[in-house]
Amino acid sequence: MGLLKKKDSTSTRSSTSPCADLRTAYHNCFNKWYSEKFVKGQWDKEECVAEWNKYRECLSENLDGKILTRMLEVDSELNPTKQADSKESSR
């Protein structure tokens with residue numbers, strides 16, 4: 001999770017990734033949160049969680065058999081409360 005440099009809109013549209021739009025939405029949210037809240041000391045830990053969960057779910061669905069799937073599983077194992085919290089909030 002880092003800062004995303006602004007890209008030419010044509011490069012985003014030409015992407016073949018099924019998760020490209022969700023990735024862009026998450027990064028836009030993150031960058032806005034970072035520049036408008038975090039650097040000013042006004043931040044909410046729940047900011048951009050919905051965008052992150054949608055992007056992560058898309059990656060999970062589309063990366064079967066690839067090493068990135070295992071990375072997502074490891075993240076879930078290392079941060080079990082994140083998964084439980086996101087499931088509770090979606091109910």
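This is a predicted model: local features need pLDDT of at least 70, side-chain atom pairs count only at pLDDT 80 or more; totals for chains, interfaces and linings use all residues.
Cysteine 48 sits in the loop that links H2 and H3. Its backbone is worth a look too, as cysteine 48 has a positive phi of about 70° even though it isn't a glycine.

## The overall fold

Stepping back, the protein chain has five helices and zero strands. Reading from the N terminus, the order of elements is α-α-α-α-α.

Of the chain's 91 residues, 19% count as buried. As for how the chain folds back on itself, take the contacts in the protein chain with a separation of 6 or more: 51% of them are between residues 24 or more positions apart.

## How H2 and H3 pack

Now for the helices on either side of that loop. Two packed helices are described by the angle between their axes and the distance between those axes. For H2 (residues 20–36) and H3 (residues 49–62), the angle is about 150° and the axes are 9 Å apart. Angles over 145 degrees count as roughly antiparallel, so that is the label for H2 and H3. Their crossing is left-handed.

Which residues of H2 and H3 meet? On the H2 side they are Leu22, Arg23, Ala25, Tyr26 and Cys29, and on the H3 side Glu51, Trp52, Lys54, Tyr55 and Cys58. Sorted by class, this contact of H2 with H3 has seven nonpolar residues, three charged ones and no polar ones.

## Two nonpolar cores

The largest nonpolar core is made of six residues: Cys19, Tyr55, Cys58, Leu59, Leu63 and Leu72. H3 gives the largest share of this core, with three residues.

## Tyrosine 34

Is tyrosine 34 buried, exposed or partly exposed? With a relative accessible area of 28%, tyrosine 34 is partly exposed, because that label covers values between 20% and 50%. Tyrosine 34 and glutamate 47 are 13 residues apart along the chain, and their C-alpha atoms are separated by 9.9 Å.

Terms used: Residues are numbered from 1 along each chain as its sequence is written. Side-chain values use heavy atoms; hydrogens and water are left out. Helices (H or I, at least four residues) and strands (E, at least two) are DSSP runs, numbered from the N terminus. Buried means under 20% relative accessible area, exposed over 50%, partly exposed in between (1.4 Å probe, protein chains only). Axes are lines fitted to C-alpha atoms, for helices over the stretch in contact, and angles run from 0 to 180 degrees between N-to-C directions. Angles under 35 degrees count as roughly parallel, over 145 as roughly antiparallel, 65 to 115 as roughly perpendicular and the rest as oblique. A crossing is left-handed if the near helix is turned anticlockwise from the far one by less than a right angle, and right-handed if clockwise. Contact means heavy atoms within 4.5 Å. Ala, Val, Leu, Ile, Met, Phe, Trp, Tyr, Cys and Pro count as nonpolar, Asp, Glu, Lys and Arg as charged, and the others, Gly among them, as polar. A nonpolar core is a set of buried Ala, Val, Leu, Ile, Met, Phe, Trp, Tyr and Cys residues joined through side-chain atoms within 4.5 Å.
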